[in-house]
Amino acid sequence: MSAKAVSELSGKEVLYKYFDSTGIVSAPHAFHVKAGDKFSDIAAKYEWLAKDNKGVIKPDQLIKRRGKLGLVKIGSPQELETWFEEKANSYVKVGQTEGRLHTFIVEPFCVHTEDEEMYVAIYSERCRDVIMFYEHGGVDIGDVEEKARSVHIPVRLDDSEMSITEREIDNLLGPCKDKDVIRKFIQNLYEAYKSLHFTYLEINPFVLTNGKIHILDLAAKLDETANFICSDKWSSRSASARIARSIEFPAPFGRDLTSEEQYISDMDAKTGASLKLTILNRHGRVWTMVAGGGASVVFTDTVCDLGGASELANYGEYSGDPSESQTYEYAKTILSIMTEGNPRPDGKVLIIGGSIANFTNVAKTFGGIVRAFETFIDKLKEHKVSIYVRRGGPNYQEGLRRVKDAATKLEIPIHVFGPETHMTAIVGAALGLKPMPVVPTAPQTTGQFLLSPERNTAGTERPPASPVVVEYVKDPLMKRHPAYQSLFENDTKAIIWGQQHKAVQGMLDFDYVCRRHSPSVVASTYPFTGDNKQKYYFGQKEILIPAYKSMATAFASHPEATVMVTFASMRSVFETVLEALQFPQIKVIAIIAEGVPENQTRKLLKVAEDKGVTLIGPATVGGIKPGCFKIGNTGGMMDNILASKLYRPGSVAYVSRSGGMSNELNNIISQNTNGVYEGIAIGGDRYPGSTYTDHVLRYQHDDRVKMIVLLGEVGGTEEYRIVELLKSKTITKPLIAWCIGTCADHITSEVQFGHAGASAHGEGETAAAKNTALRVAGALVPDSFDDLGNKIRQTYEELLRLQIIVPQPEIPPPAVPMDYAWARELGLIRKPASFMTSICDERGEELNYAGVPITKVLESDMGIGGVLGLLWFQKRLPPHANKFIEICLMLTADHGPAVSGAHNTIVCARAGKDLISSLTSGLLTIGDRFGGALDGAARQFSEAFDQGWSPMQFVGEMRKRGTHIMGIGHRVKSINNPDKRVEILKRFALNKKEFAQETPLLDYALEVEKITTAKKPNLILNVDGAIAIIFVDILRNSGMFTTAEAQEVIEIGALNGMFVLGRSIGFIGHYLDQSRLKQGLYRHPWDDISYIMPERNL
């Protein structure tokens, strides 16, 4: 939802901050006091109230006419406190809604008379802003629409051109006194309205006292999608630049957010997907989990239409391709509420519904839902929950299979249906009012569309609607039709803004299956990449499509392109579309982005109208014209395009707001008629770029369209334009119309349904009122959405009988190869992998180290030693092993600049090489002579120990072989001057309280050391030997490794990796040190080199 009501305190603070520099508005410091607060403690912070001045207190919870309801108190601080304590946490009924009073605004009382009270309001419409003023305000103002004077300000691209003229403001103020101050106030108020992205602002009343305006009562809505523009402007006067905005968007009165609703709201704010949840009746029997904004409204409508409103527990939606983990959290939240408390004797039902998705991976989202089932399996059984599922879209077959498998595995009643079943048919069955829908007998397989465009009809015989004709099409281009403002034909060319490879490939596949002669996408443009060519497929043929950094270059290079599809984000789409509108070749722009600020949309509408360009969107999936052109992801995957026969034109054109519901209309129309001629989803925002009327009139004037389908919705008045056109006989073709959102009449509290524009602001904007008006005007209106398909089929059959529609021969579409990546995703193919890995997996929602999620790695505080254990050994090592690894890394990190590895690193760094090159230079010196003794020591000591040699035998045997004992001996240190590093390792390993295991090989090595040091004092156990031997003890005696695994670790050189990893720390240190010291190129001095030349001249 874009336009959201703000608290009175927030609205005033925003205005006070804006007006601060003008000096014409009194800006007292009001404050909130909430139920449970101690009034006197908060009031003591405000000097104006501490002086025993009069104040005003009233609820700040979006309650209208508080004065009439006795919810305003004027008095001393003590009187205000008494009134607060009386009212806090009490319940009051406002209209049909009962709610708890919990948040109050307290502000200074402005002494005035009723005669001084005035009224001003500003609100936005599609093409203009309206300013209303009346010199008498207050609670008894009455019908302000009739009394107030108003000024209409047309939308302009330049804000400076949207202002009130002197003549207009004189007419607006009328007989008002003190015009100068009020004139300045209203002029600045309108500037604030535009700058702060208000969508509605009512001040009733305000007074003028001592030359200053006092705002006494305020109601306002801000465009929440403009947060990225206004976050600083929306902060309160006391907020610093580093503190997030303090604006408050309270829940509607009577709708306090539960902890679960707040949790989902917080999740929604952190993702590009849409997650919504409203609890209507916590103890209700009927629960829903619906995908899609439009579909969520339709399912709720159907529950209410079938008499289930009193048992409806929730309203909500998940859409926009949420991840599996997000869907899991959403489903888990619903199931947690659904299964709380005592079980009901009649059980509960969960309806998991949705339209046919355009791009959401159904299998992925259903994976999250199945995980939630597994989490709550005992509770689901305890509460006797029956589950009904209906879904379609990309990979839906795999998603439905997972749910069916869960039903068998978990032994819970789950009834599963796909797109062959009418979308809401499961609702009647779930409520026990209608029989269970019939399920096809054969299993669904995703790959079926490669063989046939039909939905699964195994076991049945499909009666041919018309003879099947296979013929070679020489020229696939239709003859250009003189249609009324046709947006797309089968030679339409488009440029795509953004890096949307999958969407572009989908458009090209659609072109191919429609037998287009050439691809519809001629180029893409994106300012963050250089000019290049990108590879795509047109059928089986690989093609290159140019991508341009400059939009101007793209359009200049492709003058035939008349359509732009922009995937720009809400932050950049305004500038992107504005730039595109400057190119005269453009006829249509599709804006996919959601969350575009309404003021920006209205400006784009103005410019597009002036230039004769049709906008589709924002917040849309786009549109489709079978046989000609499709926008982005419209129509979903190829299996749905073939099943809904979108590869060739039918006779039915439709217009809808919802993208998901437009795909559902494709399905319904294909099942009940000869198919879709064109379908447009205008988008869910309050001000769509083009309207129902725009497209219905196009269909009326296109003689290829024989019947029209309109799917309207609650909110707005656009459908009444269709009513007038029906009454005036401007629309004469059969029009099947249905407005979704009839559930709003059954829900007493305010709920935002589906899209940003789906909210009724008056009786006439309800879905029921619109459906009635359309029916009276001559539209064919079904009794419910459940009956929409029947109404469409009846109308089609009548047109067949009248021969207005003549069936055409069916030409099978060409086969379209499936992309390898998607075929593998669907499980249709397999291929030997080029690489294998068993230590890390980054593909899911969270990085895994050897199967352990990274969050658990951090939460368990296993440290770098634990991470090394997971990645090197696929083991969760015990704490003492983790600590030993970390000690080793610290001890081996460096041994001064003189050793060969550090020396090489320094020389390389001083030659001006980069860090990687310098580090590599040092690492390449590591071998048997430098740092490579760990593996050798581990092998020698463990072999001697395993063969049962005594320490003396081992030393003697090595002497006979003439082999040095690896890990024994030091150039400087001796038995009398021990290596402190080795001493640290010995103490740690021999402390059995900390090192909780046996160390037989270390004990053996210490006996060997006694023998070698008796011969020569410096033949001590060195740091390499100590590390290697203690690590072998960990491998063999910690209980984490089998004997074979321990031996394998030694043989593959893992122990030398410890030295490499540790010493890399030091080498990097030397590189950084030389760079910091700015040391020049190193040249070795002559006097440190012995020059031995041949004695005679060769």
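Q: Where is Pro205 found?
A: Pro205 sits in strand β11, residues 198–209. Strands are DSSP runs of E of at least two residues, helices runs of H or I of at least four, all numbered from the N terminus. This is a predicted model: local features need pLDDT of at least 70, side-chain atom pairs count only at pLDDT 80 or more, and totals for chains, interfaces and linings use all residues. Residues are numbered from 1 along each chain as its sequence is written, and side-chain values use heavy atoms, with hydrogens and water left out.

Q: Is the peptide bond from Asn204 to Pro205 cis or trans?
A: The bond is cis, with omega near 5 degrees. The bond from Gly617 to Pro618 is cis too, with omega near 5 degrees. Pro618 lies in a loop, between β26 (614–616) and β27 (623–625).

Q: Why is α35 called roughly antiparallel to α36?
A: Helix α35 (residues 1000–1015) packs on helix α36 (residues 1023–1037) at about 150 degrees, with the axes 7 Å apart. Angles run from 0 to 180 degrees between N-to-C directions, and axes are lines fitted to C-alpha atoms over the stretch in contact. Over 145 degrees counts as roughly antiparallel. So α35 is roughly antiparallel to α36.

Q: Which residues make this contact of α35 and α36?
A: Helix α35 gives Pro1000, Leu1001, Leu1002 and Ala1005. Helix α36 gives Ile1029, Ile1030, Val1032, Asp1033 and Asn1037. Contact means heavy atoms within 4.5 Å. The residues divide into seven nonpolar, one polar and one charged. Asp counts as charged, and Ala, Val, Leu, Ile and Pro are among the nonpolar residues.

Q: What are the domains of the chain?
A: They are domain 1 (3–231), domain 2 (259–436), domain 3 (494–802) and domain 4 (877–1077). The bounds come from an automatic or database assignment.

Q: How do you know that domain 2 and domain 3 touch?
A: 33 residues of domain 2 are in contact with 31 residues of domain 3. Their C-alpha centres lie 27 Å apart. Together they bury about 2400 Å², 57% of it on carbon and sulfur atoms. Ile356, Asn358 and His422 supply 25% of the area that domain 2 buries against domain 3, more than any other three residues. Buried area is the accessible area (1.4 Å probe) lost on putting two parts together, summed over both.

Q: Where does UniProt place the "domain: CoA-binding" feature?
A: The unreviewed entry puts it at residues 490–595. That span is 26% helix and 30% strand, with end C-alpha atoms 32 Å apart.

Definitions and conventions
UniProt positions are given in the numbering used here, feature names are shortened, and annotations may be inferred rather than shown by experiment. Angles under 35 degrees count as roughly parallel, over 145 as roughly antiparallel, 65 to 115 as roughly perpendicular and the rest as oblique.
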